[in-house]
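Open the model in your viewer and keep the selection tool ready.

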Amino acid sequence: MARTKEFDPDAALRAALELFWERGYEATSMADLVEYMGVARASIYATFGGKHELYLKALDRYAELVDPHLLAGLSQPGPVLPAVRALVERFAREAAGDGGRRGCFVVNTAVELAPHDPLMARRVQASWDHLETALTSALIRAQAQGELGEERDPRALGRFLLVLMQGLRVVGKAEAGPQRLRDAAAQALALLD
């Protein structure tokens, strides 16, 4: 007869996500995870696999929790450009705030792990593809509604905004003052006029 788990796997995964997000992959040991999650090492391995697999699951959970909420405004009926502007401004505001130093878990993964870990790189790429597709779709709708000129390329503009927004997050990790981030966002938004 199989033993029942003596911990909540979802709560443990959220705890792992928080710890990895705070410290990064390399700076988080299995001993740190055991202590922070409150789960025995053997149970972590049995439920999630090793540290690498646990990190991948935490990254997937982050995408499940953050992406739909973040992009919901882009698919609402009505004018589109105000939603695009609000999203860019939100990225700038969050990057400039106290939480900006923590960064985005996907961006942190891109910087720390994607260059040498193909599985992490694919997860990062999937997240960015999702954001790019949402932005491009919104901009195509904006163009169809007459909010964006016909001469504009929605896909190229969506890619530009993706790169800008992720760049805001990277700069926000090191930048103490918010003005650089606000200025960059304002210049990008001027392209939507």
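The tour below goes stop by stop.

**Before you start**

This is a predicted model, so local features need pLDDT of at least 70 and side-chain atom pairs count only at pLDDT 80 or more, while totals for chains, interfaces and linings use all residues. Residues are numbered from 1 along each chain as its sequence is written, and side-chain values use heavy atoms, with hydrogens and water left out.

**Stop 1: the whole chain**

Show the chain as a cartoon. It has nine helices and zero strands. Helices (H or I, at least four residues) and strands (E, at least two) are DSSP runs, numbered from the N terminus. The C-alpha atoms fill a box of roughly 65 × 40 × 25 Å along the principal axes. Of the 193 residues, 42% are buried. Buried means under 20% relative accessible area, exposed over 50%, and partly exposed in between (1.4 Å probe, protein chains only).

Now think about contacts (heavy atoms within 4.5 Å). Take those between residues at least 6 apart in sequence: 68% join residues at least 24 apart.

**Stop 2: D8**

Select D8. It sits in the segment before α1 (9-23). D8 is partly exposed, with a relative accessible area of 45%. D8 and V39 are 31 residues apart in sequence, and their C-alpha atoms are 9.4 Å apart in space.

**Stop 3: α5 and α9**

Two packed helices are described by the angle between their axes and the distance between the axes. Select residues 81-96 for α5 and 179-190 for α9. They pack at about 170 degrees, with axes 9 Å apart. That makes α5 roughly antiparallel to α9, a label for angles over 145 degrees. Axes are lines fitted to C-alpha atoms, for helices over the stretch in contact, and angles run from 0 to 180 degrees between N-to-C directions.

Which residues of α5 and α9 meet? Show R85, V88, E89, A92, A95 and A96 in α5, then L181, A185 and L189 in α9. The contact divides into seven nonpolar, no polar and two charged residues. Nonpolar covers Ala, Val, Leu, Ile, Met, Phe, Trp, Tyr, Cys and Pro; charged covers Asp, Glu, Lys and Arg; the others, Gly among them, are polar.

**Stop 4: lining residues**

Select D67, L70, S127, L131 and R169. Of the 14 residues lining the largest cavity, these lie nearest its centre. A cavity is a set of points on a 1 Å grid over the protein atoms alone where a 1.4 Å probe fits but cannot get out; lining residues have an atom within 4 Å of a point. The largest share of the lining, five residues, comes from α4.

Key:
1 Å grid on protein atoms, 1.4 Å probe; cavity = no way out; pocket = protein on both sides within 12 Å on 5 of 7 lines; lining within 4 Å. Parallel < 35°, antiparallel > 145°, perpendicular 65-115°, else oblique.
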